[in-house]
Amino acid sequence: MEFPYSQVIGVFEIADAGGPPQPGPGMHHTQLRHHSFEDVVTRYERLKECGVEPVESWNHGPSTSFYYRDLDQNMVEISGSNYDTEEGYLSYFDTEAYKKNFAGVEIDPVTFVARYRSGVALTDLVTIDA
């Protein structure tokens, strides 16, 4: 597969596997990876127009993700790369920001998307300070 495509299924917090019990069916979440940052933002906007809003939103550094719960309380992550090239994407993992905070930062999706739509450069929008 060519960049930026990837397939990820995250399986965490399975009932009876130890650790604190979690609400929902047992699987933490499934990630649906989109082709680009623009595609992720457009998907967020379309879902919001239908009254579907994320329960969490994160700028992870190399990617941005919006997390939703379905009717069965399954978590679904809509995600896309913050970089147009594989080199840019992979180079993020060598930054001090990643070394200090590999999870990234929680974002307010309304403000974050509004800044992007107002013309803030993607690199400025997604840069996480070290």
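Modeller: Let's start with the side chains of Thr 64 and Asn 82, which are joined by a polar contact of 2.7 Å. Keep in mind that this is a predicted model. Thr 64 sits in strand β4, and its relative accessibility is 1%, so Thr 64 counts as buried. The cut-off behind that word is a relative accessible area under 20%.

What surrounds Thr 64, once neighbours within four places in sequence are left aside? Besides Asn 82, Thr 64 is in contact with Phe 37, Val 40, Trp 58, Asn 59, Ile 78, Ser 79, Gly 80, Ile 107, Phe 112 and Val 126.

Some of those names come up again in the largest nonpolar core. This core has 14 residues, and those touching the most other members are Phe 37, Phe 66, Phe 112, Leu 125 and Val 126. Two or more residues come from each of α1 (37-49), β4 (63-69), α4 (109-117) and α5 (122-126). The element that gives the most is α1, with 4 residues.

Now move along to Phe 66. Again leaving out residues up to four places away in sequence, Phe 66 touches Val 40, Tyr 44, Pro 54, Glu 56, Ser 57, Val 76, Glu 77, Ile 78, Pro 109 and Val 113. Val 40 and Ile 78 are on this list, and Thr 64 is in contact with Val 40 and Ile 78 too.

To finish, let's visit some aromatic rings. The structure holds 7 aromatic pairs. One of them is Tyr 92 with Tyr 98: the ring centres are 6.0 Å apart and the planes stand at 75°, so this pair is edge-to-face. The cut-off to remember is that planes over 60 degrees apart count as edge-to-face. Tyr 98 also pairs with Phe 93, with ring centres 5.0 Å apart and planes at 80°, so that pair is edge-to-face as well.

Tyr 98 is partly exposed, because its relative accessible area is 25%. Phe 93 is partly exposed too, at 28% relative accessibility. Together with Tyr 89, the residues Tyr 92, Phe 93 and Tyr 98 form one aromatic cluster.

How values were computed:
Residues numbered from 1 in each chain as written. Predicted model: local features only at pLDDT ≥ 70, side-chain atom pairs only at ≥ 80, totals over all residues. Heavy atoms only, no water. Phe/Tyr/Trp six-rings, centres within 6.5 Å; stacked < 30°, edge-to-face > 60°. Buried < 20%, exposed > 50% of the residue type's maximum accessible area, 1.4 Å probe, protein only. Core = buried A, V, L, I, M, F, W, Y, C linked by side-chain atoms within 4.5 Å. Contact = heavy atoms within 4.5 Å. Polar contact = N/O pair within 3.5 Å; in protein donor to acceptor, adjacent residues only side chain to side chain.
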